Amino acid sequence: MSRRFIRRSLLYVPGSSGKMLSKSVDLNADSIIADLEDAVSMTEKDAARETISEFIPRIQAAGKEAVVRVNAMNTFFGVKDLIAVAEMKPNAVIVPKADVLSVKMADNILSGLEEHLELSKGSIHIIPLLETAAGIMDAVNIVGASPRINGVQLGAEDLTKELGIKRTAAGDEIAFARQRLVYAACAYNVDCFDTPFTGIKDMEGLGEDACSAAAMGFTGKTCIHPAHIDAINRVFSVSGEEINHARRLVEAFEIAVSRGKGACMFEGKMIDAPIAERARKLLSKAAE
Ligand code: COA
Ligand code: MG
């Protein structure tokens, strides 16, 4: 059974940059995503695979999840990446421009490679990156396409490029896509990661963006710069105040149940079984 990681912040690092990969080992992001796709130019693709192979074990030794974003499955580089990357035993691979076919293809190739390399079956997880209109509309089938999937990511830049619409800091234009991802992730009980915020120096914008993603049900957020990690970790952590509130609520509900009631008043509001269950879920998340 592979280890389950708490994934609040996931930092993208260009796979061609030994300097940034080296720096990422000591950063406090929960997951490091070594990128072989868009952050790496065509002429650097082969060298980048070599570069990341050195860092996967270092990232894992530092207690973080090591993820690799490979190129799309329908490209020459995508298949080469998967073959090379499986030997590095990352915790997960991100499949970009994901659809059902590309996820099943990655799943099949990984199964063959795991057998060949004598790795336990299913040990390399898949995180589909949904960033096309078709992908958003088919979200639930994509997330259900492989038992290796333990998270799904939204990619807003490619999506808004395809839709021909402006990308804004407020993010109203991606609200529908965000919701579809959250519902699909929830249906399969997997993590749900928001798109990166590209305003590197706009910390206020980042905070608002992360808070609205968290309020919608995302469990974590990807980022592209180390300066964003702490704010993201804060937003996606359960606060002491939330824990105390949940504890009081569960206690009040249990007293009501012991008195034969199914609902009661708690701090001015009605609480019942689903509300108490939500509080218990929050407490178990906080205990992870
Ligand atoms: N991972 C690790 N380290 C990073 C980093 C990242 N994603 N982004 C920046 N850094 C490092 C820099 O190397 C620099 O280190 P130093 O102080 O030791 O020299 C420090 O953090 C400050 O960086 P800064 O000068 O503010 O930014 P930059 O101009 O070096 O880099 C980007 C800006 C956008 C090029 C860079 O953040 C980046 O490449 N991000 C990832 C892009 C990516 O992967 N995109 C595809 C996925 S959406
Ligand atoms: Mg993309």
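Which pocket is the space taken by ligand 1? Ligand 1 takes the second largest pocket. A molecule counts as sitting in a pocket if more than half of its atoms lie within 2 Å of its grid points.

This is a predicted model: local features need pLDDT of at least 70, side-chain atom pairs count only at pLDDT 80 or more, and totals for chains, interfaces and linings use all residues. Residues are numbered from 1 along each chain as its sequence is written, ligands are numbered from 1 in the order in which they are written, and side-chain values use heavy atoms, without hydrogens and water.

The second largest pocket holds about 470 Å³ of space. A pocket is an open set of points on a 1 Å grid where a 1.4 Å probe fits, with protein on both sides within 12 Å along at least five of seven lines; lining residues have an atom within 4 Å of a point. The lining numbers 26 residues, and Tyr 12, Ala 39, Arg 69, Pro 196 and Ile 224 are the closest to the centre.

Around ligand 1 stand 14 residues, each with a heavy atom within 4 Å. β1 gives the largest share of this shell, 4 residues. By class the shell has 9 nonpolar, 1 polar and 4 charged residues.

Polar contacts (N or O pairs within 3.5 Å) are listed here.

| Residue | Protein atom | Ligand 1 atom | Distance |
|---|---|---|---|
| Lys 23 | side-chain N or O | oxygen | 3.4 Å |
| Ile 224 | polar backbone atom | nitrogen | 2.8 Å |
| His 225 | polar side-chain atom | oxygen | 2.7 Å |

Notes:
Points joined across faces, edges and corners; volume = space filled by probe spheres on them. Polar contact = N/O pair within 3.5 Å; in protein donor to acceptor, adjacent residues only side chain to side chain. Helix = DSSP H or I, 4+ residues; strand = E, 2+ residues; numbered from the N terminus. Nonpolar A, V, L, I, M, F, W, Y, C, P; charged D, E, K, R; others polar.
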